[in-house]
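This report concerns the loop residues and the nonpolar cores of one structure. The sequence and the model are shown first.

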Amino acid sequence: MGFIFFSAGAWMINSEVLVLNSGFIPIRITSLKEAICLLTSEKAVPVVEEDRYVRSPSISIRIPSVISIIGYSSFPRKRVAFSKLNVIYRDDMKCQFCGRRFSMRDLTVDHVIPRSRWELITGKTLREGFSTWKNLVCACRWCNGRKGNRLLHEIGWQLLREPFEPEYMPHLVISVDKARNRGWLPFCTFNVKLIDMVRTESY
Ligand SMILES: [Zn+2]
């Protein structure tokens with residue numbers, strides 16, 4: 001690309017652009033550079049633009065924050081992979097013991113029935129259901145530490161919600177702040193999980 005990012009600071013080159021399919025469903029996030037390539041090669045059209053421009057010797061283009069791919073109507077569906085991160089997302093970054101939301105660095109996943117009690121309580125081996133959606137919940141590190149090897153009824157705790165295996169997980173996970181700042185919010189109603197990031201939490 002022969003574009004010059006006029007008066008561009010690193011922020012501009014690092015700006016991310018939301019990519020929609022032709023039906024305006026978010027399919028991915030891309031770099032500004034790639035978005036401009038898609039626009040200039042007429043593979044995409046701008047949907048939301050900023051008041052700033054990037055210029056080449058021959059043309060100037062308004063910086064897009066949302067683009068739509070021409071003639072591409074499908075969208076990726078995510079198989080709901082079992083992972084620690086997805087357990088945390090399933091539970092909306094909310095500790096299932098104390099009910100409070102935390103930043104990612106203060107969150108863990110916790111086995112509702114702990115390892116040392118599993119076989120006795122369930123009559124199953126650890127391979128049978130121990131580390132699965134139904135025995136794992138999002139927990140803050142403080143609750144996780146306090147719970148230890150105990151069962152909930154032994155300490156008078158209750159789960160905020162019974163753990164479950166989600167049938168569907170949106171393809172993109174985007175913070176509400178970013179979506180708002182970049183003008184993406186109106187397009188984030190489908191196939192996007194908006195996360196309200198918690199920056200600091202005193203305890
Ligand atoms: Zn907690």
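The model is predicted. In it, Glu-42 lies in the loop that links helix 2 with strand 3. The phi angle of Glu-42 is near 60°, a positive value in a residue other than glycine. Glu-42 is exposed, because 8 other C-beta atoms lie within 10 Å and a residue with 12 or fewer is classed as exposed.

A second residue, Asp-92, is found in the loop between helix 3 (84-90) and strand 5 (107-111). Its phi is near 55°, again a positive value in a residue other than glycine. Asp-92 has 14 other C-beta atoms within 10 Å and is therefore partly exposed.

| Residue | Phi | Other C-beta atoms within 10 Å |
|---|---|---|
| Glu-42 | near 60° | 8 C-beta atoms |
| Asp-92 | near 55° | 14 C-beta atoms |

In soluble globular proteins, nonpolar side chains tend to be buried together. The largest nonpolar core comprises 16 residues, of which Val-17, Leu-18, Ala-35, Val-66 and Ile-67 touch the most other members. At least two residues of this core come from each of strand 1 (16-20), helix 2 (32-40), strand 3 (44-55) and strand 4 (60-69). A second, separate core has 13 residues, among them Met-93, Phe-97, Val-137 and Cys-140.

Which residues are in contact with Ala-35, leaving aside its neighbours within four places in sequence? They are Val-17, Thr-30, Pro-64 and Ile-67.

Note on methods
Residues are numbered from 1 along each chain as its sequence is written. This is a predicted model: local features need pLDDT of at least 70, side-chain atom pairs count only at pLDDT 80 or more; totals for chains, interfaces and linings use all residues. A nonpolar core is a set of buried Ala, Val, Leu, Ile, Met, Phe, Trp, Tyr and Cys residues joined through C-beta atoms within 7 Å. A residue is buried if 20 or more other C-beta atoms lie within 10 Å of its own, exposed if 12 or fewer, and partly exposed in between; C-beta atoms are placed from the backbone. Helices (H or I, at least four residues) and strands (E, at least two) are DSSP runs, numbered from the N terminus. Two residues are in contact if their C-beta atoms, placed from the backbone, lie within 7 Å.
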